[in-house]
Amino acid sequence: MGFSVGKSAVILSDQFDITAFFNSLNCNHEVGSGETTVFGNNDRNFLATLKGGNLSAEGFGDFSSNAIDQILNAALGVAAGQIITVGFAGLTVGNRVRVCKAKETRYSLSQRVDGVVTTGMDVMADGGLLPGVSLHALAAETASSNSASVDNLVATTGGGVTNLHLTAVTAVGGDSLTVTIEDSADNSIWATIATFTVLTTAVTSEQLAIAGTIRRYVRSKWVKGGVGTPSYTFAVSLARK
């Protein structure tokens, strides 16, 4: 068995690593149901309808610049939603994750005279929480390279979703990093199936949809542009459908 320790979790929201603000996390996968019981049935019958999901986290308030109060307050009610990646056992390449595009529906603060200010959030996931794998841990890169490959054992035909979170960058004009997702049938010959917007001098995040077949093996690849010595701290994940 491969049990995970709770302290290893990582939570990324857009261009922010919000892990350090929380100590409790719940991810719920849901599917609706419609009753199809008819005359003559001895038992109730149901038909599965729409998939959904939600995520909630509880932790501690921080009112510093770019800390959790500012991040969650700014996200509340934003129509475009948040790009979220959760790694329950961290984001080492190959680790299982959940990815989603979500709308924040609750941001709470609680305080008592002899306690620490606590905070909490709820988000509702458009299309549900998708199970996937990490293709790049949240770490800095300074040169072109690629991740280790992740073996899904078989190809899939339903497409997928890939998330990128760039949480820190030290670069000047002319520096860039192009991050792509590649797949392979044999772990040898690779083809690009998704290309993120070129990273330059600002933190950012992006979610891309991948259509059609995703072959057995996948990996992330990044190519540095320019003549400077930039550092890009980012994470990448992929969920098959």
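## Thr 180 in its strand

In this predicted model, Thr 180 lies in strand β11. Its relative accessibility is 11%, which is under the 20% limit, so Thr 180 counts as buried. Leaving out residues up to four places away in sequence, Thr 180 touches Thr 192, Ala 194 and Thr 195, and also Arg 219, Ser 220 and Lys 221.

In soluble globular proteins, nonpolar side chains tend to be buried together. The largest nonpolar core here has 21 residues, and those touching the most other members are Leu 135, Val 179, Phe 234 and Val 236. Two or more residues come from each of β7 (118–141), β10 (160–170), β11 (176–184), β13 (204–210), β14 (217–225) and β15 (231–240), and among these elements β15 gives the most, with four residues.

Another core, of 20 residues, lies apart from the largest one and includes Ile 11, Phe 21, Ile 71 and Leu 129.

## The helix and its packing

Helix α1 covers residues 68–75, and its buried residues are Ile 68, Ile 71, Leu 72 and Ala 75. Viewed down the axis of α1, these buried residues fall within an arc of 85°, and they therefore line one face of the helix. An α-helix has 3.6 residues a turn, so residues three or four places apart point the same way.

The buried residues of α1 pack against β2 (16–17), β3 (22–35), β4 (46–60), β5 (82–87), β6 (96–110) and β7. After α1 comes Gly 77, which has a positive phi, near 85°.

## The chain as a whole

The chain has one helix and 15 strands, and its C-alpha trace spans about 75 × 60 × 40 Å along the principal axes. Of its 241 residues, 41% count as buried, and of the contacts between residues at least 6 apart in sequence, 74% join residues at least 24 apart.

The accessible surface of the chain comes to about 12,300 Å², with 53% of it belonging to carbon and sulfur atoms.

Methods:
Residues are numbered from 1 along each chain as its sequence is written. This is a predicted model: local features need pLDDT of at least 70, side-chain atom pairs count only at pLDDT 80 or more; totals for chains, interfaces and linings use all residues. Side-chain values use heavy atoms; hydrogens and water are left out. A nonpolar core is a set of buried Ala, Val, Leu, Ile, Met, Phe, Trp, Tyr and Cys residues joined through side-chain atoms within 4.5 Å. Buried means under 20% relative accessible area, exposed over 50%, partly exposed in between (1.4 Å probe, protein chains only). The arc is that of the directions from the helix axis to the C-beta atoms. Contact means heavy atoms within 4.5 Å. Accessible areas come from the Shrake-Rupley method with a 1.4 Å probe; for residues, only the protein chains shown count as cover.
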